[in-house]
Amino acid sequence: MDAIRVPRGIRQPARKPLGLKRERALLRQGFRAVAGIDEVGRGPLAGPVVAAAVVLDMKRVPDGLADSKVLSPEQRDALFEKILASAEVGVASVPHGEIDAVNIRQASLAAMCRALAALPCTPDIALVDGNDPPKLPCPVETIVKGDAQIASIAAASIVAKVVRDRMMKRLAGAFPAYGFVRNVGYATAAHRAALTAHGPCPFHRASFAPVRAAEP
């Protein structure tokens with residue numbers, strides 16, 4: 001495919017690089033390990049919710065960290081590998097059955113707790129995306145839209161997104177009718193139509209209204 005030429009005088013929009021201001025401020029205060037935490041998968045009709053906790057190495061921070069939602073799949077995959085190679089990472093998932101048993105909010109908070117526990121190091125403080133703090137064994141600072149502002153949270157959002165997308169694409173092999181390769185479980189029009197035509201698969205979230213409505 002030919003490259004698209006940008007007319008002179010028109011600049012392409014660029015993402016502002018995420019800084020490490022908050023992490024460095026906490027390190028100056030005496031915290032030794034600052035974890036960023038984020039989750040992916042609250043809204044889908046199928047599959048798990050996945051959370052990641054990332055402690056960046058301040059000397060080896062990958063370039064290009066950003067909210068996973070604004071990155072292309074190729075950019076996420078490349079950054080995922082760089083994060084795993086340079087940072088301490090913990091990942092955890094809560095499956096659809098547990099989501100149905102406790103509700104998606106509690107499942108998301110549980111995934112964050114488990115992701116922190118999966119870290120190979122012990123964080124002194126956690127920076128968490130959103131305004132709903134999980135009960136962690138360390139101080140917690142919540143930051144609304146933190147995945148677009150805080151580098152360590154952005155890294156966690158990338159890891160969680162890549163892990164969950166890969167889980168859903170593997171699931172697509174067993175249940176191709178629902179289009180999990182494309183929608184990774186989210187409630188697209190095609191996914192809803194497949195639910196109506198075929199009913200839920202064993203990995204759909206039975207407590208979610210569109211799934212309940214499609215049950216025979």
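Reader: How do the residues of the lining of the largest pocket divide into nonpolar, polar and charged?

Author: The lining has three nonpolar, three polar and 10 charged residues. Here Ala, Val, Leu, Ile, Met, Phe, Trp, Tyr, Cys and Pro count as nonpolar, Asp, Glu, Lys and Arg as charged, and the others, Gly among them, as polar. This is a predicted model, in which local features need pLDDT of at least 70 and side-chain atom pairs count only at pLDDT 80 or more, while totals for chains, interfaces and linings use all residues. Residues are numbered from 1 along each chain as its sequence is written, and side-chain values use heavy atoms, with hydrogens and water left out.

Reader: What is a pocket, and what volume does the largest pocket have?

Author: Rolling a probe the size of a water molecule over the atoms shows where empty space is left. On a 1 Å grid over the protein atoms alone, a pocket is an open set of points where a 1.4 Å probe fits, with protein on both sides within 12 Å along at least five of seven lines; lining residues have an atom within 4 Å of a point. A volume is the space filled by probe spheres set on the points. The largest pocket has a volume of about 320 Å³. It is lined by 16 residues, and the closest to its centre are Asp38, Glu39, Lys69, Asp129 and Asp147.

Reader: Which strand gives the most to the lining of the largest pocket?

Author: Strands are DSSP runs of E with at least two residues, and helices are runs of H or I with at least four, numbered from the N terminus. Strand β1 (residues 34-40) gives the most, with three residues.

Reader: Which element gives the most to the lining of the second largest pocket?

Author: That is α5, with five residues. The second largest pocket holds about 190 Å³ of space. Its lining has four nonpolar, no polar and seven charged residues. Arg76, Asp77 and Lys161 are among the residues that line it.

Reader: Is Arg76 buried or exposed?

Author: Buried means under 20% relative accessible area, exposed over 50%, and partly exposed in between (1.4 Å probe, protein chains only). Arg76 counts as buried because its relative accessibility is 10%. Arg76 sits in helix α2. Beyond its neighbours within four places in sequence, Arg76 is in contact (heavy atoms within 4.5 Å) with Ser68, Leu71, Ile158, Lys161, Val162 and Asp165.
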